[in-house]
Structure formats: structure tokens, C-alpha cells
Amino acid sequence: MGPGAQLFEPAQLGSLEVRNRIVRAGTSETMADDRGAVTDQYVALYEELARNDVGLIFTGHLYCATRGRYARRQTGIYADDLVPGLRRVTDAVHRHGGRIFAQVAHAGSQSRVEAGTPPLAPSAVPNALTGRPVPAAGEDEVAEAIAAFAAGARRAVDAGFDGVHIHAANGYLISEFSSPTANRRTDAWGGSPEGRDRFIVEIARAVRGAVPDEMPVTLKLGMVDATPGGLGLDESLPRAKRLVETGLDGLEISCGVMQRATDSARQYVAVDPRRAAEDLLVHRIFSQPEAEAYFLPWARAVRADVDTNIILAGGMRTTQTMIRIVRDRDVDFVALSRPLIREPDLVRQIANGRTGRVDCTSCNLCLLHEGHHSLRCWRTPRRNLLEHAIFRLRGGLRS
């Protein structure tokens, strides 16, 4: 076996075989139309990833309820008439032997959409990331949100997805219910770790019950909040075990409630001075690189306590790190987001012997343009940097 062979061993998620251990982590695309329907550009994005041998693809977050929309041009899974468009995506991925899961989500109070029904939150607490105030959800609204996740999962089946991935991290609705700083309720949906478990566990059960027994269901779990006094491992580890007992086939490890976007997507990972200069990151030339695999300690804690497949996102930027954490059984899959924006063929390159550092420098310009422009790398080709600078100087990012 050559270097990297462990990354290309087939793996199982429930009854589904995945051709390698590299996952495309869910990434917001800004490629839908105004009501969240799939476009040709969206289909082409996912076909390119599958053509280049990504083992498993998680879609960007698909909003399962109209009030759960996060940003403009986000893709939806909230209505039956969106299914044919989503079927185009799964057909394109399957043509190239790929596997794709629908990542079903609800933005909660982190929604950046101003029009329509007010956002949903467990308590009347300003959102930690946006500062947006919201009223506390009523019992009927909680029940509607759970039903929306189940309905989204059913539509994922109809659209031909290979599995469902529940988004329960990064400050969106489920992680708000799971957080002691965002969830101040004193009824059965809060007030204690067990109460804060209830919403996420009920959603996991509802989704599991909405799809065939043989279809895998996984979940992106926020393990630790970035807010003072927020969720910690002492509460999230027992929660992870309870979730797996509902029938989940794997957990993706991430952060919970966020105060900054970089809490889930840190900048300049593994960027040394030479690499900073090469990528025109002048302000980073004299800075030390950020560490890789920044959620790995949480993944190891889950591995020690919970029997499930573990998917790790968060800053893998060298092939050595990817290989090591899979070889050492710290995780079962490595999930890449930003590197595959810059290099959609990265998995194929690694299979063909590419080693060392990926090209992405985690500058986060791709995330900065979410809701404004379709997903792309803004550092290459270089003319994209000029377009970014002009857009920013004209105040476009503030609109």
C-alpha cells in the first residue's frame, strides 16, 4: 500500500458502501433561484465533485421550512415541487458513481432573511452571531419544526438521495435548542441537559422514521459552543450517545452556537509565511500558521465514548494529517469544504499521488460572499480578487 491508501479504502455507512474516506462537507452554494429551486449551475457543481471521485457528498444546507431559510439563493427542500430539481442533482452524481446525502437544515434565529415570517428560536435571546432578536417558539411551532425535518427527509428519498444528513451545529435551530445559553426554556424542551436533548432527539427519530430502514441517516453535531457558559463536552457526549441509539449511522463533528463565522471555519490554516506570500496574503507573511484539524480533540472524545462512524470537518490541509487521523482510527472519514472549492479535482489528485499541502489558504472570501455570489474561489484565477475588491469597495458585502 502506498501513501494515502487508507483514504481510498471503501467504507460503510449503514448498508451503503462509500468508495473512499473523503467527504465533501456541506457548503453553502448561493446557486438556487429566488424560491430555492435547483439551477443548472447547482447541478454542474455536484456533477464535477462526483466526476472527480469524492467518496461522499453532503449538500449545502437545504432549508426544510420557509421560515428556516438562512440566506438568499439558498436551496430548499420545503416543498414537493422542488423534488424534480433535486432529482437532477442525484442523477448527475450517480452517473459518476458518487454518493450524495441531503443535508436538511433550519436556520432558526440565525436566519439572515428579513422578509416573511419571523425566525424561530427556543428562547427570546438575541442570536449570538447576528444579534437578531426573536420571540420564543410556542409548542405548536416546535412541533411544526420537527415535522418539517421529517418532511424534508421524505422529499430527499423521493429525490433519490443516498442518505439524509441532519444539520445540528453552527448556531442553527437545532444547536440553539441544544445550548444552555440559547435555550433558556423551563418547560420540557429545556431547563436541563435532558430537556435540551429533547428537540434534537425527536428530530433524529422523526427523520429515521421518515426514510427506509436501509437508508443511512447521519448528523452534524455541535459539540461545544463558542459562547461563554455555553454547551460543553460534559453535555454533548451523553447527547451523542443518545442520538446514535435513535438509529443514526454516523456523526460529523463540529462546533455549536457561534459568535463569529470563523468559529466553524478558521482562517489561514497551515499557512506559513512562504505560502502566504505565494497567495498574496501580505498581512499574514509574518504570522504563524493556524493549526490543522481543530475539532479533532472533540472527535477523539466521541470515539472513546460512542460506537459510531465519525466524520471530521475543520481544517485538514495536508495529506499527512488526513492519512494519519484515518490510519490511527481517530475518525472514519475526513470532510473537506474550502479545499474542494479551490480544487474540485483534489480527491483525484490525491489518489494519483498528490502529497503535502492543498492549495486552499482558508482566506474565507468564499464564505464572505455567501448570499451575494455563487460559490467560487476568489483567489484563483487572480482576476477574481480584483472583482472581490471592487465589489467590497462599492459596499456590496454590506447590502
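The structure is a predicted model, in which local features need pLDDT of at least 70 and side-chain atom pairs count only at pLDDT 80 or more, while totals for chains, interfaces and linings use all residues. Residues are numbered from 1 along each chain as its sequence is written, and side-chain values use heavy atoms, with hydrogens and water left out.

Start with the interior. A nonpolar core is a set of buried Ala, Val, Leu, Ile, Met, Phe, Trp, Tyr and Cys residues joined through side-chain atoms within 4.5 Å. Buried here means under 20% relative accessible area, exposed means over 50%, and partly exposed lies in between (1.4 Å probe, protein chains only). The largest nonpolar core has 94 residues, and those touching the most other members are Phe 199, Ile 253 and Leu 312. Helix H3 contributes the most to this core, with 7 residues. Helices (H or I, at least four residues) and strands (E, at least two) are DSSP runs, numbered from the N terminus. A second, separate core has 13 residues, among them Leu 13, Phe 58, Phe 333 and Ala 335. Contact means heavy atoms within 4.5 Å.

Next come the empty spaces. Rolling a probe the size of a water molecule over the atoms shows where empty space is left. On a 1 Å grid over the protein atoms alone, a cavity is a set of points where a 1.4 Å probe fits but cannot get out; a pocket is an open set with protein on both sides within 12 Å along at least five of seven lines, and lining residues have an atom within 4 Å of a point. Grid points are joined across faces, edges and corners, and a volume is the space filled by probe spheres set on the points.

There are 2 cavities of 30 Å³ or more, and the largest cavity holds about 100 Å³ of space. Its lining is made of 14 residues, of which Arg 338, Cys 360, Cys 363, Cys 366 and Cys 377 are the closest to its centre. Helices H10 (338–342) and H12 are the elements that give two or more residues to this lining, and H10 has the largest share, 3 residues.

The largest pocket has a volume of about 1,200 Å³. It is lined by 49 residues, and nearest its centre lie Tyr 70, Arg 112, Ala 261, Leu 367 and Glu 370. Strand S11 (333–336), H10 and H12 each supply at least two lining residues. In the pocket, the largest share, 3 residues, comes from H12.

H12 leads on to helix H13. In the loop between H12 and H13 sits Pro 381, and a cis peptide bond joins Thr 380 to Pro 381, with omega about -10 degrees. H13 covers residues 383–393, and its buried residues are Asn 384, Leu 385 and His 388. Seen down the axis of H13, these buried residues fall within an arc of 100 degrees, so they line one face of the helix; the arc is that of the directions from the helix axis to the C-beta atoms. The buried residues pack against H12 (365–368). The face turned away from the buried side carries the exposed residues Arg 383, Leu 386 and Leu 393. After H13 comes Gly 395, with a positive phi near 85 degrees.

Most residues other than glycine have a negative phi, and most peptide bonds are trans. Tyr 268 is not a glycine, yet has a positive phi of about 55 degrees. Tyr 268 lies in the loop between strand S9 (250–254) and helix H7 (273–278), and is buried at 11% relative accessible area. Ala 270, in the loop between S9 and H7, has a positive phi near 60 degrees.

Finally, consider two threonines. Thr 319 is in helix H9 (residues 319–327) and counts as buried, at 4% relative accessibility. Leaving aside neighbours within four places in sequence, Thr 319 touches Ile 350, Arg 354, Thr 355 and Gly 356. Thr 130 is in the loop between strand S6 (99–105) and H3 (139–158), and is partly exposed at 38% relative accessible area. Thr 130 touches Ser 109 and Gln 110, not counting residues up to four places away in sequence.
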